[in-house]
Amino acid sequence: MQLSLELFVESPEKSLDFYRRVLGFEVQGSASTEYTMLKNGDAVVAINSRSALSTDHPLRIASGQRAGLGVEIVLKVADVEDAYRAAKESGWPVSDLALQPWGLRDFRLVDPDGYYVRVTGRKNES
């Protein structure tokens, strides 16, 4: 089984920039304002325009509502320090890199539409 996420966003351009520049995803196929598939390793995220949803679609949110409420997107990476460095260098606001009680290191950030993302991995042994 594999998991792919489809995010319905206000501005596909901003989301594509975020997932590519901040988290290192690459466009699969061609980019479109309607639907673009992104991939980083085995992780697949599709960016869809929220405006493409019908007015009665269950994923449609009203103005002022926060997208992704109650969901945490967890991205497991081989080198969390490298991912953290790249995210910091992008200029996007990120939390500090922290060692968690369960033994993994992670940092957290929020995408342009309010989706909460945690990037996690083992502590590199140097």
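The paragraphs below lead through a predicted model, sheet by sheet and helix by helix.

Because the model is predicted, local features are described where pLDDT is at least 70 and side-chain atom pairs count only at pLDDT 80 or more, while totals for chains, interfaces and linings use all residues. Residues are numbered from 1 along each chain as its sequence is written, and side-chain values use heavy atoms, with hydrogens and water left out.

Helices (H or I, at least four residues) and strands (E, at least two) are DSSP runs numbered from the N terminus, and two strands are said to pair if DSSP finds at least two bridges between them.

Strand 3 and strand 4, by contrast, run antiparallel and are joined by six bridges, with Leu 38 and Val 45 as one of the partnered pairs. Two residues lie between the strands in the hairpin of strand 3 and strand 4, where Gly 41 takes a positive phi near 65 degrees. Strand 4 is mostly covered, since six of its seven residues are buried, where buried means under 20% relative accessible area, exposed over 50%, and partly exposed in between (1.4 Å probe, protein chains only).

Within helix 1 sits Tyr 19, which counts as buried because its relative accessibility is 2%. Leaving aside neighbours within four places in sequence, the residues in contact with Tyr 19 (heavy atoms within 4.5 Å) include Leu 7, Leu 38, Ile 47, Ile 73 and Val 117.

The other sheet also has four strands, arranged as an open sheet in the order 5-8-7-6 with mixed pairing. Strand 5 and strand 6 (98–99) stand at its edges with a single partner strand each, so one side of each is left without a neighbour in the sheet. Helix 2 packs on this sheet, touching strand 7 and strand 8, and its direction makes about 25 degrees with that of strand 7. Strand 5 pairs with strand 8 in the parallel sense over five bridges, and in this pairing Glu 72 stands opposite Tyr 116.

Which residues of helix 2 (residues 80–89) are buried? They are Val 80, Glu 81, Ala 83, Tyr 84 and Ala 87. Seen down the axis of helix 2, these buried residues fall within an arc of 160 degrees, so they line one face of the helix; the arc is that of the directions from the helix axis to the C-beta atoms. In general, an α-helix has 3.6 residues a turn, so residues three or four places apart point the same way. The buried residues of helix 2 pack against helix 1 (12–22), strand 7 (104–110) and strand 8 (116–122).

Glu 81 counts as buried because its relative accessibility is 15%, and a polar contact of 2.7 Å joins its side chain to that of Arg 105. A polar contact is a pair of N or O atoms within 3.5 Å; within protein, one must be able to donate a hydrogen and the other to accept it, and residues adjacent in sequence count only if both atoms are side-chain atoms. At the start of helix 2, a side-chain oxygen of Asp 79 reaches to within 3.2 Å of the backbone nitrogen of Glu 81, and just after the helix Gly 91 takes a positive phi of about 90 degrees.

Finally, the largest nonpolar core has 25 residues, of which Tyr 19, Leu 23, Phe 107 and Leu 109 touch the most other members. Such a core is a set of buried Ala, Val, Leu, Ile, Met, Phe, Trp, Tyr and Cys residues joined through side-chain atoms within 4.5 Å. At least two residues of this core come from each of strand 1, helix 1, strand 4, strand 5 (72–76), helix 2, strand 7 and strand 8.

Key:
Axes fitted to C-alpha atoms, helices over the stretch in contact; angles between N-to-C directions.
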